[in-house]
Amino acid sequence: VDAILGLELAREKHPDVILMDINLPGMSGLQALKLLREDPLTKHIPVVAISANAMVGDINKGLEAGFFRYLTKPINVNEFMKTVDLALEDANTELSPT
């Protein structure tokens with residue numbers, strides 16, 4: 001999926017969690033995250049970055065930009081499952097009435 005279609009789907013489908021590759025066709029994952037955070041329909045959705053860029057600077061830049069977590073490829077299955085569980089918990093907390 002390219003970035004534009006992914007953004008449209010996020011607005012339309014309201015997923016609980018978004019798994020996003022940093023290197024998207026059409027725009028960077030950082031740019032797509034910024035657009036998601038600016039949109040009232042999607043700003044609450046936890047977005048997990050998935051990237052082959054494993055340099056500490058890349059990871060820090062992604063986390064500072066607002067990704068929920070930043071996972072590097074190849075994916076560690078246990079870390080991936082724990083991250084998805086945490087993101088779903090976060091999404092449920094955001095949606096719970098206060």
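Contact, throughout this tour, means heavy atoms within 4.5 Å. The model is predicted, and local features need pLDDT of at least 70 while side-chain atom pairs count only at pLDDT 80 or more, although totals for chains, interfaces and linings use all residues. Residues are numbered from 1 along each chain as its sequence is written, and side-chain values use heavy atoms, with hydrogens and water left out.

Select Met-20 to begin: leaving out residues up to four places away in sequence, Met-20 touches Gly-29, Ala-32, Leu-33, Leu-36, Val-47, Val-48, Ala-49, Ile-50 and Phe-67.

Next, select helix H2, residues 29–38 (helices, H or I, of at least four residues and strands, E, of at least two are DSSP runs, numbered from the N terminus). Its buried residues (under 20% relative accessible area, 1.4 Å probe, protein chains only) are Gly-29, Ala-32, Leu-33 and Leu-36. Seen down the axis of H2, these residues fall within an arc of 100°, so they line one face of the helix; the arc is that of the directions from the helix axis to the C-beta atoms. Among what covers them are helix H1 (3–13), strand E1 (18–21), strand E2 (47–51) and helix H3 (56–65).

Finally, move to Thr-83 in helix H4, residues 77–95. Thr-83 is buried, with a relative accessible area of 6%, and, leaving aside neighbours within four places in sequence, Thr-83 is in contact with Val-48, Phe-68, Arg-69 and Leu-71. If you then display the side chain of Thr-83, you will find one of its polar atoms 2.9 Å from the backbone oxygen of Glu-79.

Methods. Buried means under 20% relative accessible area, exposed over 50%, partly exposed in between (1.4 Å probe, protein chains only). A polar contact is a pair of N or O atoms within 3.5 Å; within protein, one must be able to donate a hydrogen and the other to accept it, and residues adjacent in sequence count only if both atoms are side-chain atoms.
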